[in-house]
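Subject: Handover of a structure

Dear colleague,

Please find below the structure that I am handing over to you.

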Amino acid sequence: MPEGVFSQPGSGARFDWGPAGAAELARVCSVLVVVDVLSFSTAVDIAVGRGMRVHPFPWSDQARAYADRIGAKVAVGRKQASDASPWSLSPAALQGAPFVAELVLPSPNGASICSAAASTGVPVVAACLRNAPAVARWLHAQGHGTPTRPVGVVAAGELWPDGTLRPCVEDLLGAAAVLDGLSMLGVPLSVEAAVTLAALASVRNVPAAVRRCVSGQELIQRGFADDVKLAVQAGASHTVPVLTGQSFAPA
């Protein structure tokens, strides 16, 4: 498929934002890395690291019916978690919830992007600050990261109430952590990816930046400080969740 200028041709690692950016990079990249640090991709890292298969699903009231159809449990919103439904988008909740073999994990950002990307046939990896170094090493070992087999790194971002994209600090830094690992392995970066990496170099204390940013403060004020604490444990995980068919499993 021909590469247009928006696909950042000629580089081994490329960067963009949100669903539209993911759709563009999925056209031309050999693998897509989706970064949603404070909810989806950290939750996937925790659940897959425990041995669960995670099915991404767009945020909608159809998630439970889908889970029933495939014989899985379904994760609910953070505030909706209960003894009967302890699985939620909270990484801390997933760390302590009962083990289930199959879990449907809906989210408005990361899961929606992953579901759409999977329908194109491109492999999808869920990355966060916790597993960014492991993801970069795995991508390189698989032969990704050349101009002919480029990596597309997508920061999921958040949504404003009107549905428009809100770029956010935590996903920028999570994406930059993946690009940092690729760069150290000699992968040539697009201008967009290099500028993203420069943002990481400008932050002296990444955990503090994530805690203090809008999304971090929002979660802390809502009572989910433990989610932020887990999300900023950079390099703590060696799990590489790869979307195979309809679910994430370890690489």
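Predicted model: local features only at pLDDT ≥ 70, side-chain atom pairs only at ≥ 80, totals over all residues.

Residues are numbered from 1 along each chain as its sequence is written, and side-chain values use heavy atoms, with hydrogens and water left out.

Strands

Helices (H or I, at least four residues) and strands (E, at least two) are DSSP runs, numbered from the N terminus. Two strands pair if DSSP finds at least two bridges between them. Strand 5 (residues 102-107) is largely enclosed by the rest of the structure, because five of its six residues are buried; buried means under 20% relative accessible area, exposed over 50%, and partly exposed in between, with a 1.4 Å probe and protein chains only. Strand 3 (residues 53-58) pairs with strand 5 in the parallel sense over six bridges, and Pro56 has Leu105 of strand 5 as its bridge partner. Strand 4 also runs parallel to strand 5, joined to it by two bridges, with Lys73 opposite Leu103.

Strand 10 (residues 241-244) pairs in the antiparallel sense with strand 6 (residues 124-127) over two bridges, where Val242 is the partner of Val125. Strand 10 is also antiparallel to strand 11 (residues 247-250), over four bridges, and Pro241 stands opposite Pro250. The hairpin of strand 10 and strand 11 has two residues between the strands, and Gly245 there takes a positive phi near 65°.

Pockets

On a 1 Å grid over the protein atoms alone, a pocket is an open set of points where a 1.4 Å probe fits, with protein on both sides within 12 Å along at least five of seven lines; lining residues have an atom within 4 Å of a point. Grid points are joined across faces, edges and corners, and a volume is the space filled by probe spheres set on the points.

The largest pocket has a volume of about 540 Å³. Its lining has 21 residues, and Pro108, Asn109, Glu158, Glu218 and Arg222 lie nearest the centre. Which helix gives the most to this lining? Helix 10 does, with four residues.

The second largest pocket holds about 170 Å³ of space and is lined by 14 residues, including Ala132 and Asp180. Helix 6 (132-141) and helix 7 (169-184) each supply at least two residues of that lining.

Aromatic rings

Rings of Phe, Tyr and Trp (its six-membered ring) pair if their centres lie within 6.5 Å; planes under 30 degrees apart count as stacked, over 60 as edge-to-face and the rest as tilted. By this rule there are three aromatic pairs. One of them joins Phe15 and Trp17 edge-to-face, at 5.7 Å centre to centre and 80° between the planes. Phe15 is buried, with a relative accessible area of 5%.

A charge sits over a ring if NZ of Lys or CZ of Arg is within 6 Å of the ring centre and within 35 degrees of the ring normal. Arg78 sits in this way over Phe224, 5.7 Å from the ring centre, and Arg166 lies over the face of Trp160 at 5.8 Å.

A loop residue

Asp83 is found in the loop between strand 4 (73-74) and helix 4 (91-96). Is Asp83 buried or exposed? Asp83 counts as exposed, at 81% relative accessibility.

Yours sincerely,
A colleague
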